[in-house]
Amino acid sequence: MRIVLVGPPGAGKGTQATRLAEKLSIPHISTGDLFRANISRQTDLGKLAKSYMDAGNLVPDEVTIAMAKDRMEQPDAEAGFLLDGFPRNVSQAEALDELLETEGITLDAVLDLEAPEAEVVKRIAGRRVCRKDSSHVFHVTYSPPAKEGVCDVCGGELYQRDDDSEETVRTRLEVYHTQTEPIIDYYKAQGLVVTIGAMGPVDEVTGRALEALKQDQ
Ligand code: ADP
Ligand code: AMP
């Protein structure tokens with residue numbers, strides 16, 4: 001399957017993507033995680049991306065699209081993928097459509113995670129991610145690690161993302177509403193959008209997602 005996950009920052013896209021990717025045997029491709037990996041390796045791309053990310057803005061389309069394309073062209077993504085955080089504006093959605101068309105493939109669904117703003121703010125405020133791999137995500141109260149400050153998955157150090165500060169979160173939510181939300185209408189016109197509520201326990205949300213995608217649980 002080829003799926004795009006969309007929803008405000010903190011809705012639980014990464015959390016759900018990890019579970020859905022495993023269940024559906026497709027790679028989880030998060031442009032945010034790819035940028036953070038570049039930042040830890042101190043690559044030129046990482047240095048460029050960091051200034052935009054720390055301010056809560058989108059990284060320019062040209063580099064983002066090139067990075068996403070490169071990842072989607074890896075052999076493990078041949079049979080499908082779950083895109084998390086890409087596309088994030090209509091230009092990126094158009095670029096993705098062009099890329100898929102060149103390959104002669106199509107998206108199966110765009111899964112839209114809905115959550116009230118007050119909840120996403122709480123989720124972001126308590127989010128802690130692993131320094132070794134930012135797809136290992138915890139929450140200080142909702143899903144704490146067994147040992148404080150240590151990743152359950154790989155033992156890496158847990159930290160609060162620089163862009164999870166209260167001030168940056170306000171910008172990110174605004175960027176979501178003005179630049180990312182329009183892609184929902186773009187994909188509705190293609191009949192691809194399935195919307196689910198992202199409130200409630202993680203497993204329940206995963207169940208709702210699989211049902212919406214018409215996949216056995
Ligand atoms: P996104 O990728 O959409 O920004 P994340 O998956 O990183 O969001 O989740 C944001 C925070 O909310 C994380 O700390 C995560 O542990 C927590 N979280 C995710 N889903 C739920 C849920 N259903 N209930 C409570 N907390 C959740
Ligand atoms: P995320 O991990 O999805 O919350 O993304 C963190 C940050 O990475 C965003 O606030 C952006 O600065 C940047 N980013 C991630 N994906 C994209 C994208 N598709 N386009 C532009 N910037 C992105």
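The tour begins with the whole chain and then stops at single residues.

This is a predicted model, in which local features need pLDDT of at least 70 and side-chain atom pairs count only at pLDDT 80 or more, while totals for chains, interfaces and linings use all residues. Residues are numbered from 1 along each chain as its sequence is written, chains are lettered from A and ligands numbered from 1 in the order in which they are written, and side-chain values use heavy atoms, with hydrogens and water left out.

**The whole chain**

Along the principal axes, the C-alpha atoms fill a box of roughly 45 × 40 × 35 Å. Of the 217 residues, 46% count as buried, where buried means under 20% relative accessible area, exposed over 50%, and partly exposed in between (1.4 Å probe, protein chains only).

**Aspartate 84**

Next, select aspartate 84, which belongs to strand β3 (residues 81–84). Is this residue buried or exposed? Aspartate 84 has a relative accessible area of 7%, and therefore it is buried. Now show the side chain of histidine 28 as well, because a polar contact of 2.8 Å joins it to the side chain of aspartate 84, a polar contact being a pair of N or O atoms within 3.5 Å; within protein, one must be able to donate a hydrogen and the other to accept it, and residues adjacent in sequence count only if both atoms are side-chain atoms.

Move to helix α2 (residues 31–40) and pick asparagine 38, which counts as buried at 10% relative accessibility. Leaving aside residues up to four places away in sequence, asparagine 38 touches Thr43, Leu45, Gly46 and Met67, where contact means heavy atoms within 4.5 Å. Then select glutamine 42 in the loop between α2 and α3 (44–55), a residue that is exposed, with a relative accessible area of 58%.

**Backbone angles**

Most residues other than glycine have a negative phi, and most peptide bonds are trans. Glutamine 42, however, has a positive phi of about 55°. Select serine 25 in the loop between α1 (13–24) and β2 (28–30), where phi is near 55°. Finally, go to the peptide bond from phenylalanine 86 to proline 87, which is cis, with omega near 0°.

Definitions and conventions. Helices (H or I, at least four residues) and strands (E, at least two) are DSSP runs, numbered from the N terminus.
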